[in-house]
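Hi everyone, thanks for coming. I have one protein to walk you through today, so let me put it on the screen and we can look at it together.

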Amino acid sequence: MKLLSSDLSPYATRVRTLIRLKQLDIAIEPPDVPLRTPAFVRKYPYGKIPVLVREDGECLAESWSIMQYLESVHNTPSFQPEDPWLQAQMNARGRFADTQLAPAAFPLFSVLLGRQQVDVPAQLALLRQELAKANVIWRQAGPLAERGLDLADIALVPVLYFVLALPRMLGHDSDLLAEQAALQDWWSQMMQFEAVKAGIDEMEQAFQAFANR
Ligand SMILES: N[C@@H](CCC(=O)N[C@@H](CS)C(=O)NCC(=O)O)C(=O)O
């Protein structure tokens, strides 16, 4: 089995992190067809990485689905609560990272690519609002040390790195995480996991290379 991945992608990084936390024998490779080309979409119809490719060539797209699949087939160690209510809460936190937090930063990425005119201060204000929501949501989930690391934590880390790196790359120095005490505390604890830290280090290097391109 292999994972088509890129160090720049928060979605691929969360899956690489899970693979390492579970110590799975899954090769991590760049896409075999250039991303954002018709050939890529022909081969991988979701048009995005990560993609999990089985030995028989069958593919699975969407990082959250890949994480859930890996969790179902390799559940030791497990990164989801058994209790259905708590599992649903974890799913909600994972969805929040992708449907609310990350989209608040996408326009800033378009600015970096020079593709879109954006009111950057207004977008930063929106991002702050979403970060404040994340702060409450993760605080309400309870201390990491008590509930244990779960898929939503693993999914959020690279998204949070991405949404914090973009304003910095646009020259906004203020530390947006410093305004969110619970999230800042959670971030420090997450960095204690070697596999989590390794994913963020890879993203950091990829972002540096992207900034210097
Ligand atoms: N919802 C998808 C998002 C994946 C995604 O947006 N991947 C980006 C890289 S970060 C990509 O492949 N973009 C190529 C494109 O949009 O053409 C997931 O969770 O896997």
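Let's start by reading along the sequence: what pattern does the protein chain follow? It goes β-α-β-α-β-β-α-α-α-α-α-α-α. If you tally up the secondary structure, that comes to nine helices and four strands. Before we go further, please keep in mind that this is a predicted model.

Now for the overall form. The C-alpha atoms fill a box of roughly 50 × 45 × 25 Å along the principal axes. A compact globule with 213 residues would have a radius of gyration near 17 Å, and this chain has 17 Å, so the two agree. Of those 213 residues, 31% are buried. Here is another way to look at the fold: take the contacts between residues at least 6 apart in sequence, and 70% of them join residues at least 24 apart.

How is the chain divided into domains? The assignment gives domain 1, covering 2-73, and domain 2, covering 84-211. Their centres, taken over C-alpha atoms, are separated by 21 Å. Where the two domains touch, 13 residues come from domain 1 and 19 residues from domain 2.

Let me stay with the domain 1 side of that contact for a moment. The elements giving two or more residues to it are helix 1, at 10-21, and helix 3, at 63-73. Helix 1 provides the largest share, with eight residues. Sorted by class, this side of domain 1 has six nonpolar, two polar and five charged residues.

In what order do the four strands sit? The order is 2-1-3-4, in an open sheet with mixed pairing. Strand 2, residues 27-29, and strand 4, residues 59-61, stand at the edges; each has a single partner strand, so one side of each is left without a neighbour in the sheet. On average, neighbouring strands here are turned by 20 degrees against each other, if we ignore direction.

As a quick reminder, strands of a sheet pair through backbone hydrogen bonds, either parallel or antiparallel. Which of the two applies to strand 1 and strand 3? They run antiparallel, with three bridges joining residues 2-4 of strand 1 to residues 51-53 of strand 3.

Conventions: Residues are numbered from 1 along each chain as its sequence is written. This is a predicted model: local features need pLDDT of at least 70, side-chain atom pairs count only at pLDDT 80 or more; totals for chains, interfaces and linings use all residues. The radius of gyration is taken over C-alpha atoms; the globule rule is 2.2 Å times the number of residues to the power 0.38. A residue is buried if 20 or more other C-beta atoms lie within 10 Å of its own, exposed if 12 or fewer, and partly exposed in between; C-beta atoms are placed from the backbone. Two residues are in contact if their C-beta atoms, placed from the backbone, lie within 7 Å. Domain bounds come from an automatic or database domain assignment. Ala, Val, Leu, Ile, Met, Phe, Trp, Tyr, Cys and Pro count as nonpolar, Asp, Glu, Lys and Arg as charged, and the others, Gly among them, as polar. Two strands pair if DSSP finds at least two bridges between them. Axes are lines fitted to C-alpha atoms, for helices over the stretch in contact, and angles run from 0 to 180 degrees between N-to-C directions.
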